[in-house]
Amino acid sequence: MTDREIFEKVVELRSAGVAACLATVVGAGGSTPREVGAKMIVCADGTTYGSVGGGCGESQVKSAALRVLLVTGRPELVEVDLTDDLGTRGGDVCGGRMWIFVEPVRRG
Amino acid sequence: MATDLWERVCDLLERGRSACLATVVASEDEDRVGQRLLVLPDGEVEGTTGLPELDRQIARAACDALADLRRGWVVIPEGHRVFLDILAPEASVLVCGAGHIAVPLAEFARAVGFGVTVLDDRPDFAHPDRFPGCRVIARDFREALAEMPLGPHWYVVVITRGHEHDAECLEAVLRRPTAYVGLIGSRRRVGFVLEMLGRQGIPPDRLQDVFTPIGLPIGGESPAEIALSIVSELVCVRRKGPGQARLLRRVVEEGS
């Protein structure tokens with residue numbers, strides 16, 4: 001999805017009153033699956049739009065989004081470590097590190 | 001943040017404007033996290049972090065980031081980490097000609113993040129059912145192109161069914177700045193079209209901008225393979241510039 005499509009989806013979800021988070025790759029080092037600025041929307045029911053990198057760290061971002069939406073209500077900066085070079089702990093082998101900002105976008 | 005900042009962002013993007021969306025993503029002052037400003041290229045600022053001095057410093061950094069289209073985070077004293085996101089007009093592909101290559105081409109271009117518009121004068125071909133997620137225009141080429149908001153973020157692929165239509169499209173497109181123009185066709189057909197455009201007053205250096213043969217040389221033969229090679233070329237031009245795309249072709253041709 002392009003940035004424009006992501007932002008239009010944010011507006012749409014907000015006016016429909018859907019609880020959702022916007023996750024944005026705000027920093028990256030080493031080899032990462034997505035570039036700085038990549039975005040993903042995570043809704044409270046687990047629906048996602050866009051991508052911040054497929055399997056690499058995306059589950060971490062989804063759980064942060066649910067924590068933000070359902071528990072804390074405050075934005076979070078999530079660090080995703082992709083330096084498990086042999087994939088021994090679950091396969092995040094891209095080799096870099098990403099920082100992803102996860103913030104609620106619901107109205108009010 | 002102001003409840004309507006997201007709408008404002010969409011509105012700017014729709015109008016093809018640039019801006020920097022600056023967000024405090026970490027701070028020693030927890031209440032600042034998530035606060036943001038929208039900074040326009042002329043320095044105009046919308047929104048506030050609640051701290052006027054911080055707003056001023058963010059606006060300065062945002063203007064610098066906008067000037068060289070650099071996305072990333074900066075640290076602003078004391079202890080605020082601010083992400084500067086560059087909002088720029090969406091890279092858009094215009095496909096002139098809605099034939100059999102256009103279908104996979106539009107699909108692949110969408111998948112790699114381009115907005116896609118498809119134009120043909122045959123309503124059966126330029127039909128929304130054939131191009132999900134795309135803007136589809138069924139109209140005379142010349143008339144439609146006269147109203148298209150083409151500009152430096154547009155990638156134009158000319159694959160119409162005949163050389164008169166190719167010439168008609170290129171004639172309209174080459175008079176305006178674009179990121180990319182590519183023309184499909186045999187050497188003979190392409191030579192004929194370019195020569196005709198030269199006679200119509202298109203400057204030679206602009207004619208040389210036209211990518212033809214079109215697409216990276218991956219040996220594609222089927223419509224989907226050809227579409228893939230064209231979209232690969234669009235990605236290469238977007239990420240590394242037109243010089244790199246031409247170099248790739250030259251290296252392959254010289255090596256064979």
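Where in chain B does B:Pro213 lie?

Analyst: B:Pro213 lies in the loop between α7 (204–208) and α8 of chain B. Helices here are DSSP runs of H or I with at least four residues, strands are runs of E with at least two, and both are numbered from the N terminus. The peptide bond from B:Thr212 to B:Pro213 is cis. Its omega is near 5°.

Some ground rules come next. The model is predicted, so local features need pLDDT of at least 70 and side-chain atom pairs count only at pLDDT 80 or more, while totals for chains, interfaces and linings use all residues. Residues are numbered from 1 along each chain as its sequence is written, chains are lettered from A and ligands numbered from 1 in the order in which they are written, and side-chain values use heavy atoms, with hydrogens and water left out.

Next, the layout of chain B. The domain assignment gives domain 1 (5–87) and domain 2 (92–255). These bounds come from an automatic or database domain assignment. The C-alpha centres of the two domains lie 36 Å apart.

Now follow α8(B). Two packed helices are described by the angle between their axes and the distance between the axes. Axes are lines fitted to C-alpha atoms, for helices over the stretch in contact, and angles run from 0 to 180 degrees between N-to-C directions.

Helix α8 (residues 223–240) of chain B packs with helix α3 (residues 102–111) of chain B at about 40°, and their axes are 8 Å apart. That angle makes α3(B) oblique to α8(B). The classes are roughly parallel under 35 degrees, roughly antiparallel over 145, roughly perpendicular from 65 to 115, and oblique for the rest. The crossing of α3(B) and α8(B) is right-handed. A crossing is right-handed if the near helix is turned clockwise from the far one by less than a right angle, and left-handed if anticlockwise.

On the α3(B) side, the contact is made by B:Pro104, B:Leu105, B:Phe108 and B:Ala109. On the α8(B) side, it is made by B:Pro223, B:Ala224, B:Ala227, B:Leu228, B:Ile230 and B:Val231. Contact means heavy atoms within 4.5 Å. By class, this contact has 10 nonpolar, no polar and no charged residues. Ala, Val, Leu, Ile, Met, Phe, Trp, Tyr, Cys and Pro count as nonpolar; Asp, Glu, Lys and Arg count as charged; the others, Gly among them, count as polar.

α8(B) has another helix partner, helix α9 (residues 242–255) of chain B. Their axes come within 6 Å and cross at roughly 135°. α8(B) and α9(B) are therefore oblique to each other. B:Glu233, B:Cys236, B:Val237 and B:Lys240 of α8(B) meet B:Pro242, B:Gln244, B:Ala245 and B:Leu248 of α9(B). This contact divides into five nonpolar, one polar and two charged residues.

A further helix pair joins the picture. Helix α5 (residues 163–173) and helix α6 (residues 187–199) of chain B have axes that come within 10 Å and cross at roughly 45°. They are therefore oblique to each other. Their crossing is right-handed. From α5(B), the contact takes B:His163, B:Asp166, B:Ala167, B:Leu170 and B:Glu171. From α6(B), it takes B:Arg189, B:Phe192, B:Val193, B:Met196 and B:Leu197. Six of these residues are nonpolar, one is polar and three are charged.

Now the sheet of chain B. Its five strands form an open sheet in the order β3-β2-β1-β5-β4, with antiparallel pairing. Two strands pair if DSSP finds at least two bridges between them. The edge strands are β3 (45–46) and β4 of chain B, and each pairs on one side only. Strand β1 (residues 19–27) and strand β2 (residues 36–39) of chain B pair over four bridges in the antiparallel sense. B:Ala22 stands opposite B:Leu37 in β2(B). Helix α2(B) lies across β1, β2, β3, β4 and β5 of chain B. It runs at about 40° to β5(B).

B:Leu69 is in the loop between α2 (52–67) and β4 of chain B. B:Leu69 is not a glycine, yet has a positive phi of about 45°. B:Glu78 is in the loop between β4 (72–76) and β5 (80–87) of chain B. The peptide bond from B:Pro77 to B:Glu78 is cis, with omega near -5°.
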